[in-house]
Amino acid sequence: MQKNPLPRPSREELAAIMGKDHIALLEEALGKVRSRYEMDELWTPDRKSGIGELKFRRGGKTLITFLLDAQGARALIIYGRKERDAFDALRDSFCAAICTVYDESRTYHDGKWMAFPVERADIREQLLALLAIKRRPNRKNLSQNYA
């Protein structure tokens with residue numbers, strides 16, 4: 001397991017870089033993930049952008065990565081072949097913004113890498129449905145305020 005060379009920034013430090021509005025939206029998205037998934041959270045700083053990324057991992061596999069920079073946050077989800085087939089079967093249940101990101105994302109040898117803007121309310125609302133394609137929730141439905 002990797003050691004974190006730099007500590008995770010505080011809420012105030014993130015707000016100074018990203019802005020308070022972006023932090024509130026990020027916390028809402030994090031709260032949704034934490035309410036349904038019990039995962040290890042791995043913070044990796046990015047010396048270029050001054051912020052970094054927060055990965056939700058369990059059993060050596062990453063469920064979702066939140067990429068943080070001065071412009072806001074993006075939720076990175078990687079789908080393998082089985083997940084892409086499942087998404088295609090459920091495609092009509094997702095909003096147009098999610099389908100656009102899905103269609104425009106590049107597929108690599110290890111899967112389709114999709115970065116969803118956390119600022120979009122329609123995407124935040126369907127974030128758990130995107131994650132459920134990758135992995136069933138391992139928590140009962142807890143309060144959305146868990147952050």
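T65 counts as buried because its relative accessibility is 5%; buried means under 20% relative accessible area, exposed over 50%, with a 1.4 Å probe and protein chains only. This is a predicted model, where local features need pLDDT of at least 70, side-chain atom pairs count only at pLDDT 80 or more, and totals for chains, interfaces and linings use all residues. Residues are numbered from 1 along each chain as its sequence is written, and side-chain values use heavy atoms, without hydrogens and water.

**T65**
- T65 sits in strand β3, residues 61-69.
- Strands are DSSP runs of E, at least two residues; helices are runs of H or I, at least four; both are numbered from the N terminus.
- Leaving aside residues up to four places away in sequence, T65 touches E53, L54, K55, R74, A75 and L76.
- Contact here means heavy atoms within 4.5 Å.

**K82**
- K82 belongs to helix α3, residues 81-90.
- K82 counts as exposed because its relative accessibility is 72%.

**Whole chain**
- The protein chain has 5 helices and 6 strands.
- Their order from the N terminus is α-α-β-β-β-β-α-α-β-β-α.
- Buried residues make up 39% of the 147 in the protein chain.
- Of the contacts between residues at least 6 apart in sequence, 62% join residues at least 24 apart.
- Accessible surface totals about 8700 Å², with 49% belonging to carbon and sulfur atoms; the areas come from the Shrake-Rupley method with a 1.4 Å probe.
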